[in-house]
Amino acid sequence: MQEEDKVQMCIPSLRGYIPQRYVFGFMGFLAVANAYALRNVLNLAITEMVVVRHHKEVPVDPDACPGTLENRHHTDPNNEFDWDEKTQGEILSSFYFGYVITHIPGGIIAEKYGGKHVVGYGILCTALGTLLTPVAARQGPNWLIAVRFMEGLGEGTTFPALNALLAQWAPPLERSRIGSLIFAGNQIGTVFSGLIAGYILEDTDLDWPAVFYIFGLIAILWFIAWSLLCYNDPASHPFISNTEKALLQRKLGHLKRNRNLPSVPWKQMFSSVPLWGLIIGQIGHDWGLFMIQTDLPKYMKGVLKFHVLENGIWSSLPFLIMWVVALLSGWLSDFLVKRKVLSITMNRKVFTTIASVGPAAGVVAASYAGCDRVVVVALFTVGMAFMGFFYPSLKVNALDLSPNYAGTLMAIVNGIGAISGAITPMIVGFIATNNTMLEWREVFWITFIVIIITNIGYVFMGSGEVQPWNDISTEGEEETMNRDTHNEKRKDSENHQNPELTFRVPD
């Protein structure tokens, strides 16, 4: 107790004035922002690393916008690396091979041992890989592929572990708000990595390695702050006030994570209709998000003839607006549930539908706006703004279904979504071979159909209710009964209940 008092004297402002669940929310937001910045910074930097190869002219597009494709780069022909498009694709995709692998292990470890170090060391691993990127690139493309694969292994644990921590820190009526704050960090990471890296590469005297050194060091500083300020659960937190402890005890039903969590009920999970509804909804969301995140700059450059600086600014604008909408919709979601205007299930379905129909309609409408740059950018921005409603709905739905196995559920759902999202660049490359407006319109219509169909599946199959297989007491009782004789089993089932194997599901 005396040691705790000393810690509290050193940081007096943290106790009683700043709710620690919000400190966790803000640091989790920075975790996701750093993760996406580290992931995406190579996408822009590689244009300054690789010599531009000149290809033969593509067929004339009768619907082409006025302007020229010349001088759309400021790339120095004396750049260091002469890598063809296939090699660049292998480098950029290698991250996702590692990313998918560690989703489920990361979720299970976070549930068993706590998510703090799983998140922290995962992003630290990605930061170290980012710092090593210039050295690896100069050793050869295979070395860079290995480093990017390692970065993906580290970052793959981020979302499952953060979801496991949310189960310990976010009361049901604040789940949308805190979850939106954390998970919407991907927009800020995407926006700032593009803008800051673009500024460094174009308007400073620094060479391309500086981009990786700067973002890697920023992530390491975050890791130090995360290690000092965040904890696995309220019971282990030295700064948390008694008032906040009492509130979390009342709302969550516990202050300490369960250290005797039984093995994951895989069979019950994969036979759960609401889980499959959630997976289907995630596939549709990731299809739309990855298509816009990866390929919108190509559309703006190849069809609308934006130059590189314009491209960076206008491609980032939809994600900045989406972030603002995600935060506002998180507050709105909690307000509607708290006032009982919508049930949790209806809330998740309504908000997910808004997050699907808005972007789907926006991208199709933009393809019919022709060459009017202002209208096209406005339609993309407004359409993608509605995707902000995804974060207080589909993104936190795994917590609704199973607080005990939230990390594993996030691993399953996010991992499958990541695979589906990685398909979209290949489809774009197959259809939009000549970068014509009609080809891109076909791409956007496919995106529209996928998003709408998957949203319908989620509406019919999804749920916001805690699922029966979340209740770990059932499995614990069965294990206890298997250790007893037949008569003792009957007596125990009638007269006794092991308190260590009982878990109270939050209201």
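Reply: Start with what counts as a patch. Patch residues have over 30% relative accessible area and no salt bridge, and nonpolar side chains are joined within 5 Å. The model is predicted.

By that rule, F192, L195, I196, I313 and W314 form a nonpolar patch on the surface. Together they have about 430 Å² of accessible area. Two helices each supply at least two of the residues: α9, spanning 185-203, and α14, spanning 308-338. The largest share comes from α9, with 3 residues.

Take I196 as one member. I196 lies in helix α9. Its relative accessibility is 34%, so I196 counts as partly exposed. Buried would need under 20%, and exposed over 50%. The value also passes the patch rule, because that rule asks for over 30%.

Now follow α14 to a charged pair. D334 in helix α14 and R177 in helix α8 are 157 residues apart, so the pair links distant parts of the chain. The two form a salt bridge, with the closest N and O atoms 3.5 Å apart. D334 counts as buried because its relative accessibility is 2%.

Why can such pairs form? Side chains of opposite charge can pair when their charged atoms come close.

The count of salt bridges comes to 6. One of them joins the side chains of R21 and E174, at 2.7 Å from N to O. This pair also links distant parts of the chain, 153 residues apart. R21 sits in helix α2, residues 20-45. E174 sits in the loop between α7 (158-169) and α8 (175-183). R21 counts as buried because its relative accessibility is 7%. E174, at 12%, therefore counts as buried too.

Another salt bridge is local. The side chains of E151 and R148 meet at 3.5 Å, N to O. They are 3 residues apart in helix α6 (residues 141-155), so about one helical turn separates them. Both E151 and R148 are buried.

The secondary structure comes to 21 helices and 0 strands. Of the 507 residues, 54% count as buried. The accessible surface comes to about 22,900 Å², and 64% of it belongs to carbon and sulfur atoms. Among contacts between residues at least 6 apart in sequence, 85% join residues at least 24 apart.

Notes
Residues numbered from 1 in each chain as written. Predicted model: local features only at pLDDT ≥ 70, side-chain atom pairs only at ≥ 80, totals over all residues. Heavy atoms only, no water. Patch = residues over 30% accessible without salt bridge, like charges linked within 9 Å, V, L, I, M, F, W, Y side chains within 5 Å. Areas by Shrake-Rupley, 256 points an atom, 1.4 Å probe, with all protein chains shown as cover. Salt bridge = Lys/Arg side-chain N within 4 Å of Asp/Glu carboxyl O. Helix = DSSP H or I, 4+ residues; strand = E, 2+ residues; numbered from the N terminus. Buried < 20%, exposed > 50% of the residue type's maximum accessible area, 1.4 Å probe, protein only. Contact = heavy atoms within 4.5 Å.
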